[in-house]
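Let's take a walk through a protein model together. Keep the picture open while you read, and look for each spot as we come to it.

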Amino acid sequence: MGDVSTQNGTRPRRVGHLRFALLGSGSRGNGLLVECGPTAILVDCGFTLKETERRLARLGREAGELSAILVTHEHGDHADGIGPLARKYGLPVWLTTGTHAALGSAQTSRLPHCRLFGDHEDFAVDTIAVHPYTVPHDAREPCQFVFSDGTHRLGLLTDAGHITPHIETQLSGCDALILECNHDSDMLAEGPYSESLKQRVGGPLGHLNNDASATLLASLDTGRLQHIVAAHLSEKNNTPWLVRSALGAVLGGESRRVEIASQEGGLAWRELV
Ligand SMILES: [Zn+2]
Ligand SMILES: [Zn+2]
C-alpha cells in the first residue's frame with residue numbers, strides 16, 4: 001500500500017522536515033495539513049469547497065497540490081467537505097471501512113479513489129508514514145493518526161470521549177502533539193447546551209475535556225516535544241486561558257508553550273526540526 005499518485009507529479013519537490021498547519025479546528029469545521037518534502041496530506045475537511053480553498057490559500061497552498069485526504073470519522077465537522085474537494089481535484093480519500101459505510105453510498109460512490117484501511121493497519125502516503133489508531137467516540141469506526149517522516153512523529157488526537165491505555169501508548173514520545181481540549185467541565189455543566197447534548201459531549205464517547213487532556217499529557221513521555229497544540233475547543237464551553245492553564249500545569253507551568261488552533265484562524269505552519 002502507499003503508492004498514492006499525486007496529481008502534480010512533475011511539480012518541483014519541496015524538501016524539508018515534517019511540518020503541519022491547521023485550516024481550522026472546532027465543531028464548525030476541521031482540517032489539518034501534514035507535509036513532508038513533496039507529500040501533502042489533508043486530514044479531514046469540514047468546510048465548503050470555497051472555504052477550503054480560501055483557507056488553503058491562506059497557508060500558501062492549493063488543493064491541486066494535495067497527495068491525499070485522510071478521514072478520521074464521518075461527523076460533518078470532519079467529513080462534509082471531502083466529497084466536493086476530492087471530486088474537483090481527483091484526490092484519493094483514505095478512510096476506515098466503518099467510516100466508509102457510515103458516510104453511505106450517496107457520499108462515497110462518486111469519490112474518484114477510495115482507499116480503505118483498518119484502524120490497526122499502518123500505511124504510507126508517499127514520504128509520510130501513517131499510523132492510525134482507534135479511539136472511543138460515537139462514530140462507526142473512528143480513528144486518529146500518528147504521522148512520521150522516519151525521524152519525527154506528529155500525534156493527532158481529537159474527538160475522543162476518554163483516554164485509553166492504547167491512546168497513551170500511541171502518543172508517547174511524539175515530537176509534536178495536537179490534543180483535543182474540547183471543554184471545561186464546569187462551563188459545560190453550567191453552559192447553554194441541552195441536557196442530552198451535555199451528556200453526549202461530556203460522556204465516554206464524546207469529547208475530551210481540559211483536565212482529561214492534561215492528565216493524558218502528564219502520562220506521556222514529552223522529552224522530545226517541540227509543539228503542543230490544543231484543538232477542537234468549544235466556543236461556548238471553553239476558553240484559551242483555561243486550556244493554557246490546564247496543559248501548562250503539567251508542563252512545569254509553561255502555559256505559553258501551549259498553542260491554540262482556533263476555529264477561524266486555525267494554526268500557521270509549524271515545522272519539526
Ligand atoms: Zn469533531
Ligand atoms: Zn466527532
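Let's begin with the cysteines. This is a predicted model, and a search of the whole structure turns up zero disulfides. As a reminder, a disulfide is a covalent bond between the sulfur atoms of two cysteines. Take cysteine 36, which is in no disulfide: the nearest cysteine sulfur belongs to cysteine 174 and is 15 Å away. A pair counts as a disulfide when the two sulfur atoms are within 2.5 Å. Cysteine 36 counts as buried because its relative accessibility is 9%, and the cut-off for buried is under 20%. Cysteine 143 is in no disulfide either; for this residue the nearest cysteine sulfur is that of cysteine 114, 14 Å away. With a relative accessibility of 0%, cysteine 143 is buried too.

Now zoom out to the whole chain. You can pick out 10 helices and 14 strands. How compact is the chain? Its radius of gyration is 17 Å, close to the 19 Å that the globule rule gives for 273 residues, so the chain is as compact as a globular protein of that length. Along the principal axes, the C-alpha atoms fill a box of roughly 50 × 40 × 35 Å. Of the 273 residues, 55% count as buried. Look also at who touches whom: among contacts with a separation of 6 or more, 65% are between residues 24 or more positions apart.

Next, find the metals. Which residues hold the zinc ion (ligand 1)? Its protein donors are Asp77 (OD), His78 (NE2), Asp159 (OD) and His232 (NE2), and they lie 2.1 to 2.3 Å from the ion. Along the chain, these donors follow the spacing D-H-x80-D-x72-H. The four donor atoms subtend angles of 93 to 158°, which makes the arrangement around the zinc ion (ligand 1) irregular. Histidine 78 lies in helix H2 (residues 76-79), while histidine 232 lies in the loop between strand E12 (227-231) and helix H10 (240-249), so the pair ties together parts that are 154 residues apart in sequence. Both histidines are tucked away: histidine 78 is buried at 1% relative accessibility, and histidine 232 is buried at 2%.

Aspartate 159 counts as buried because its relative accessibility is 2%.

One last stop is arginine 61, in the loop between helix H1 (49-58) and strand E4 (68-70). Is arginine 61 buried or exposed? Its relative accessible area is 17%, so arginine 61 is buried. Its side chain has a partner, too: a polar contact of 2.6 Å joins the side chains of arginine 61 and glutamate 35.

Methods
Residues numbered from 1 in each chain as written. Chains lettered and ligands numbered in written order. Predicted model: local features only at pLDDT ≥ 70, side-chain atom pairs only at ≥ 80, totals over all residues. Heavy atoms only, no water. Donors = N, O, S within 2.8 Å, 3.2 Å for Na, K, Ca; no water. Tetrahedral: all angles 85-135°; square planar, octahedral: opposite > 155°, others 65-115°. Helix = DSSP H or I, 4+ residues; strand = E, 2+ residues; numbered from the N terminus. Buried < 20%, exposed > 50% of the residue type's maximum accessible area, 1.4 Å probe, protein only. Polar contact = N/O pair within 3.5 Å; in protein donor to acceptor, adjacent residues only side chain to side chain. Rg over C-alpha atoms; globule rule 2.2 N^0.38 Å. Contact = heavy atoms within 4.5 Å.
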